[in-house]
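Have the viewer open as you read.

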Amino acid sequence: MQFHHHGYVSGDPSVQPPAGTGVDRPDELPDVVDVLIVGSGPAGMVAAAQLAQFPDVTTRLVERRGGRLEIGQADGIQARSVETFQAFGFAERIVAEAYRITEMAFWKPDPENVAHIVRAARPVDDPSGVSEFPHLIVNQARVLDYFAEAAANAPTRLRPDYGWEFVGLQVEDSGTHPVVVTLEGCAGEHDGVRRTVRARYVVGADGARSGVRAAIGAQHMGSPANHAWGVMDVLAVTDFPDIRTKCSIQSEAGNILLIPREGGYLFRMYVDLGEVPTGDNHAVRATTIDQIIAKANEILTPYTLDVKDVAWHSVYEVGHRLTDRFDDVPTREAGTRTPRVFITGDACHTHSAKAGQGMNVSMQDGFNIGWKLGHVLDGRAPESLLATYSAERHVVAKDLIDFDREWSTMMAKKPEEFDSPSELEDFYVRTAEFPAGFMTEYQPSMIVGPATHQRLATGFPVGKRFRSAPVVRVADANPVHLGHHHRADGRWRIYAFADAPAPGQPSALERWAEWVATSPRSPLAATPDGLDPDAWFDVKVVYQQDHTAVDVGRVPQAFLPRVGPFELVDYEKVYAAGTSEEVPDDVFDLRGLDRGGVVVVVRPDQYVAHVLPLDATEELGEFFEGALRAGS
């Protein structure tokens with residue numbers, strides 16, 4: 001974390017000074033806003049926290065509850081989400097309070113006595129080391145608390161407006177704020193009050209029964225539910241030995257997915273209630289908690305479960321639904337007009353809870369649309385950028401539905417229905433990277449370049465998330481993870497991995513640095529006068545040699561920008577590969593980087609946008625001419 005560059009900070013440095021719309025922010029919901037977010041679930045809160053970083057954008061979030069969520073249904077936090085938490089500044093704190101999944105135990109009928117279960121396998125959770133961050137379990141309510149804190153501490157001081165229910169909206173043909181939203185107060189002093197708010201854009205994050213989705217005529221399509229599960233968060237005493245380990249339990253009586261919860265005592269069980277008969281008309285939802293506990297005990301035989309307290313329970317039927325589009329532009333009109341209304345999270349994709357994807361994918365929806373709205377509204381990008389939200393996230397949601405359909409079907413199988421005894425655990429290990437959140441790969445667009453030069457950086461696939469790697473900061477010899485400085489501040493990252501010319505030979509890096517700092521075609525030239533030179537683009541260099549061999553006095557000024565009112569030098573943009581006990585791997589080897597030098601461009605949401613050689617400055621300029629507003 002960097003601070004003091006605007007003067008001495010004696011308080012909490014994570015609380016940013018108010019700016020723009022955050023100065024004298026009105027407590028009452030305004031009549032006119034730039035962005036109105038409906039719903040404070042994971043997608044809505046991430047979008048809000050991201051937009052809170054854009055001081056000149058008026059964003060408000062309305063929620064029909066009277067206050068914060070107290071008990072959340074989601075709890076699984078994949079490693080990609082923890083990377084996102086790092087970007088918003090609270091990864092270390094949430095990891096400290098969460099339960100960490102390190103392995104998963106698979107229990108099956110005992111071949112000697114099929115009425116009893118025995119442990120059959122115990123694979124590690126992340127066998128390939130896809131992230132330096134762990135797989136966690138933590139209550140959804142706490143995740144929302146952290147994002148709410150990030151939004152409240154951001155320049156706009158964004159806080160949810162509780163007690164307002166969405167009634168409907170209309171998109172008018174003209175005007176600067178064409179979306180007219182009708183709200184009705186449902187709590188506190190606004191109870192029963194109906195009013196309208198005009199917005200430039202609306203983000204619907206209002207759940208599976210989304211009113212925003214209905215208002216734009218999007219179709220929620222998919223297969224009906226055909227299998228029911230009872231889920232309960234409980235405190236209990238049991239002789240089952242793996243009660244504090246994530247488990248898949250298959251028995252002759254049914255199946256259980258066991259998820260230990262944070263705090264050391266609480267755990268969640270998804271208990272198989274079997275096939276839902278045709279014409280059941282949701283009668284299975286009347287299953288009582290006592291019946292769920294009894295079924296759990298039957299499945300756990302020969303072990304017993306004595307439930308002492310039930311924190312929460314529910315019954316749900318597995319169904320898979322995907323909305324035909326994620327914005328208000330009908331498919332037949334795509335590309336002909338600017339989308340004004342977007343839907344995120346459960347409003348556009350619903351599935352089972354077995355793979356722990358709901359909250360995780362929803363947060364990436366919110367991250368994706370948040371920075372794009374911020375860039376359009378503060379003048380950085382053309383409105384055409386907004387069409388990439390539905391184009392990118394719809395593909396991700398479809399892949400999720402396909403994966404979850406296969407996984408949830410396998411979870412509901414009887415032991416004798418598998419082709420091999422290890423089929424379930426083999427699938428779990430083989431597909432680990434998908435539920436971890438790392439298989440998303442955006443296709444070429446105005447913000448994702450072609451993979452023409454991918455061979456120069458094989459470990460940073462274009463369109464996939466930027467996979468961090470350890471390096472050494474030259475100024476102070478500190479080992480750091482390169483990607484951990486990528487904060488959710490709306491900036492693009494440009495990483496220049498240096499060449500290593502022979503002594504006396506010209507350096508391709510120096511020529512590139514001169515171009516990026518001075519050329520009118522450089523993306524940095526788009527940064528408005530009066531802002532810090534790195535306000536829109538964070539440009540870093542990584543040298544091949546050991547940090548002791550890098551002379552800071554000879555580092556190009558493009559990597560030593562002067563920032564803040566005192567024009568202080570930022571030394572945290574210069575790194576070296578080097579190897580040591582703390583940084584054992586050379587990043588050039590670890591990520592397949594060409595020793596002749598390479599540039600890796602990363603979007604504000606941490607996805608690799610382009611890979612280019614150091615001499616491809618024209619290609620770099622052309623790429624950003626499409627991604628930035630013309631004439632910036």
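## A salt bridge across the chain

Arg195 and Asp31 form a salt bridge, with their closest N and O atoms 2.5 Å apart. (The cut-off: a side-chain nitrogen of Lys or Arg within 4 Å of a carboxyl oxygen of Asp or Glu.) The pair ties together distant parts of the chain, as Arg195 is in strand β11 (residues 194-204) and Asp31 is in the segment before β1 (32-38), 164 residues apart. Helices (H or I, at least four residues) and strands (E, at least two) are DSSP runs, numbered from the N terminus.

Arg195 counts as buried because its relative accessibility is 16%, while Asp31, at 52%, is exposed. Here buried means under 20% relative accessible area, exposed over 50%, and partly exposed in between (1.4 Å probe, protein chains only).

## Ground rules

This is a predicted model, so local features need pLDDT of at least 70 and side-chain atom pairs count only at pLDDT 80 or more, whereas totals for chains, interfaces and linings use all residues. Residues are numbered from 1 along each chain as its sequence is written, and side-chain values use heavy atoms, with hydrogens and water left out.

The structure has 47 salt bridges. Another one joins Arg268 and Asp75 at 3.4 Å, N to O. This pair also links distant parts of the chain: Arg268 sits in strand β15 and Asp75 in the loop between β2 (59-63) and β3 (76-77), 193 residues apart. Arg268 is buried at 0% relative accessibility, and Asp75 is buried at 6%.

There's a network too: Asp489, Arg491, Arg493, Asp534, Asp538, Lys540, Asp570 and Lys573 are linked by salt bridges.

Asp378 and Arg380 meet in a salt bridge at 2.8 Å, N to O. Asp378 is partly exposed at 26%, and Arg380 is buried at 8%.

Arg380 is also one of the residues in contact (heavy atoms within 4.5 Å) with Leu628, leaving aside neighbours within four places in sequence. Leu628 is in the segment after α12 (617-627) and is buried, at 11% relative accessibility.

## Strand β26

How many residues of strand β26 (residues 598-602) are buried? The count is 5 of the 5, so the strand is largely enclosed by the rest of the structure. Val598, Val600 and Val602 lie on one side, with Val599 and Val601 on the other.

β26 pairs antiparallel with β21 (residues 492-497) over 5 bridges; for strands to pair, DSSP must find at least two bridges between them. Arg493 stands opposite Val602. Another 4 bridges join β26 to the antiparallel β27 (residues 608-612), where Leu612 partners Val599.
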